[in-house]
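Please look over the sequence and the structure shown below before reading on. The briefing that follows takes up one topic at a time and is meant to be read with the structure open beside it.

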Amino acid sequence: MGTVAQDSGALTPRAADFPRWYQEVVAQAELAENGPVRGTMVIRPWGFAIWELLQSELDRRIKAAGAQNAYFPLFIPEQFLQLEASHVEGFKPELWVVTHGGGAPLEEPVVVRPTSETVVNHFFAKWIHSHRDLPLLINQWSNVVRWELRTRLFLRTSEFLWQEGHTAHATEAEASAYAVRILEDVYRDVTEGVMGIPTLVGHKTARERFAGAVRTWTCEGMMGDGKALQLGTSHELGDNFARAFGTTFSDPTGATRYVFQTSWGVSTRLVGGLIMVHGDDYGLRLPPALAPRHVVVMVVRAGESTGKAAAAVADDLASRGLRVHLDDRAEPSFGRRAIDWERKGVPVRVELGPREVAEGTAILVTRHDRAKTPVALAGLADAVVEALDTTARRLYQEALAFREARLRRVATVAEAIEAAASGFAVLPAASLDAGGEDRLAEAGVTVRCLQRDDGSLAPDDGDDLVAVVGRAY
RNA sequence: CGGGGCGUAGCGCAGUCUGGUUAGCGCACGUGCUUUGGGAGCACGAGGUCCCCGGUUCAAAUCCGGGCGCCCCGACCA
C-alpha cells in the first residue's frame, strides 16, 4: 500500500529516488499526511506552523498592496460557473458538485468552489456602481476543492488552502499594472526573499493560461530534481467576467463601462516547493523566516546543571526575539532527538552538555551545512543571530547555483527537450511557432513562461522573447 | 476510463497456493532496570470485527460467489 514508514531508518537519498525522498521528508518531519478521503490532506502542526508563517508574510504584503481581506462562501450555485464560457470549460473536469442536502436532492446543485471568480463577481456587480468604488481590491484566505486524479501531499491535493485575490479597476492598464505589482511585490518578494527560492517570472502561453484570463503571469521555481513548480500566478482577466456578470460602473462622464479585473493566488503548494528546493538527505532545511523554531536548545545529558544552564540559554535567546524551543528531555537519547530536529529543518541547534557547562560554552550546530562550532556563552546570542542570517543567504545561494547549473540556453525545440531532462531550457520564443509547443508537450515538456531575454517581464507575446521550458509538477 | 496490485495490531508486513492447536514478525506503544556526547539495551506487558456479506466444510485469514475500499502506472491541473 505504498505509504511511507513513519519511523526511523535513514531517509532515501534525494538523488536515489526523489519522489520517495519527498514523501519520507513529509512524513518524518511530521508535516502532513493523507486524509481518509482520497486526495485530502491533514496538515500537521509543524507543517501548519510553516504555512502560518508564510501566510503572515504574504498577508502583510497583500495589505501593503492595498487589498483588504474578506470571505466568500464555499458553495457556489452551479449556474454561476456557466456564465463565463472558457472558465466553465476549464474547470468542468475538476468540479465537486453537491447534489443532496438535508437528506433530499437539491433543487439546484451547488458546486464546491474550485476558485471564486464567479461568486466574487456576483457581489462585485452588486457593490460597484461608480468610478469612485474603484479600484476594489479584495483578498480571501480559503480552501478550494478540485477533483484530482493523481495527488501528492502539498503539491496536488483535492482540497488545499490558499489565498485568492480579486480586484476590479476602471481601466485595463491599471488592472494590468496591479497584476504585475502582485507578482513582483508579493509573490516574487516572498518566494525569493522569504522562502529563498530563486524565481523566474514571465507570462504563460495561451495554452497554459488560466481559464478565463487574457494574460497569466507566473513565477516559477526549479525543484531539487530539475523540474519546475509554478509558485504563484497573477491573472489579468480583462473584462471577461465583468461582461459575464454585468459588473459595470459609471465613469466621470456618466458613461456605463465594464470593470477590468485581476485575480491571483498562491497555495499550500508553496510548502511543497520549500521542501523540494531546500531539503537534503537529512531532511528539511528551513529558511529562518519560515522556521516555527529558529533554534532548539538541547540538553546533552539531562541533569540538574545542564538543565539549568540550557534553560538560562533558552531564556536569553528568547529575549533577543528568537523563536526558541528548549529540549531538555532525558528520553529519547540525544542522537534520536538531534536527528528529529534536523529532519524538521530547525536552522540552528545549541547543544549543551556537562563539558560545555564546565567551560562556559555551547556547541552551535547549523542545519544548512550541519557544521558544529563551539561558542562561548557570552557571545552565543550574537552567533545564533548571525548563523540564521547566514542560513537564509546560503540556502538561496545554493538554490540559485543549482538552477544556474541546470539551465541551458538552446536554439531549437529538440535541444530544449534534451535539456529539460535535467532542468530548464531557454529558447527563442520564435521557435515555438509551427507546432513547437506541441512537440514539447509530446515530450512531457511545457513552456513555463515567456520573458525578455534579460529575464524581465514582457508586456505581450512576441518573437523577440525567450521561452523558459521544462518538465513540471 | 484502460492496465497492474493490495486489504491481517497504530504503521510496515509474513501466513493464503496445499483449510487444522492459543494468528505471527519488525517498528511504534506501556512498565521496570541499566543507559544517555549522533538513530540505546535487556526483561516484562498491552494491543486483532484477519475489509464486508453470503456459501462450502467437522473446521475458513486460507476455498467459492458477490460487494466495498485503497494503492501504483497512462490523458487534465494552484
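What distance separates the centres of domain 2 and domain 3, taken over C-alpha atoms? The answer is 47 Å, computed between the centres of domain 2 and domain 3 over their C-alpha atoms. This is a predicted model, and the points below are to be read with that in mind.

**Domains of chain A**

- The domain assignment divides chain A into domain 1, which covers residues 18–278, domain 2, which covers 288–390, and domain 3, which covers 407–470.

**The surface near RNA strand B**

- There are 37 residues around RNA strand B, and those that come nearest are L149, R156, Q230, S333 and R336.
- Sorted by class, the surface near RNA strand B consists of 17 charged, 11 nonpolar and nine polar residues.
- Two helices, α10 (334–344) and α11 (354–359), each supply at least two residues of this surface, and α10 gives the most, with six residues.
- In the side chain of R150, an N or O atom lies 2.7 Å from a phosphate oxygen of RNA strand B.
- The bases of RNA strand B are also approached by side chains: an N or O atom of the R336 side chain is 2.2 Å from a base nitrogen, and an N or O atom of the E356 side chain is 2.5 Å from a base nitrogen.

**The largest pocket**

- The largest pocket has a volume of about 1,100 Å³. Its lining is formed by 40 residues, of which E94, R146, R156, Q230 and R269 are the closest to the centre of the pocket.
- By class, the lining of the largest pocket has 13 nonpolar, 15 polar and 12 charged residues.

**A buried threonine and its contacts**

- T216 lies in strand β10, which runs over residues 215–222. With a relative accessible area of 1%, T216 falls under the 20% limit and therefore counts as buried.
- The side chain of T216 makes a polar contact of 2.8 Å with the side chain of H235, and a polar atom of the T216 side chain also lies 3.1 Å from the backbone nitrogen of F210.

**Cis peptide bonds**

- L134 and P135 are joined by a cis peptide bond, with omega at about -5°, and P135 is found in the loop between α5 (117–127) and β7 (136–145).
- Another cis peptide bond, with omega at about -5°, joins E331 and P332, and P332 is found in the loop between β16 (324–327) and α10.

- Which value does phi of F154 come near? Phi of F154 is near 70°, a positive value in a residue other than glycine, and F154 is found in the loop between β7 and β8, where its relative accessible area of 2% makes it buried.
- Phi of R370 is near 60°, which is likewise a positive value in a residue other than glycine. R370 lies in the loop between β18 (361–366) and β19 (371–376), and its relative accessible area of 35% makes it partly exposed.

**Separations along the chain and in space**

- L440 lies in helix α14, residues 436–442, and is buried at 0% relative accessibility. Between L440 and V365 there are 75 residues in sequence and 45 Å in space, from C-alpha to C-alpha.
- A387 has its place in helix α12, residues 380–405, and counts as buried at 8% relative accessibility. A387 and T262 are 125 residues apart along the chain, and their C-alpha atoms are separated by 40 Å.

Conventions:
Residues numbered from 1 in each chain as written. Chains lettered and ligands numbered in written order. Predicted model: local features only at pLDDT ≥ 70, side-chain atom pairs only at ≥ 80, totals over all residues. Heavy atoms only, no water. Near = heavy atom within 4 Å. Polar contact = N/O pair within 3.5 Å; in protein donor to acceptor, adjacent residues only side chain to side chain. Helix = DSSP H or I, 4+ residues; strand = E, 2+ residues; numbered from the N terminus. Nonpolar A, V, L, I, M, F, W, Y, C, P; charged D, E, K, R; others polar. Domains from an automatic or database assignment. 1 Å grid on protein atoms, 1.4 Å probe; cavity = no way out; pocket = protein on both sides within 12 Å on 5 of 7 lines; lining within 4 Å. Points joined across faces, edges and corners; volume = space filled by probe spheres on them. Buried < 20%, exposed > 50% of the residue type's maximum accessible area, 1.4 Å probe, protein only.
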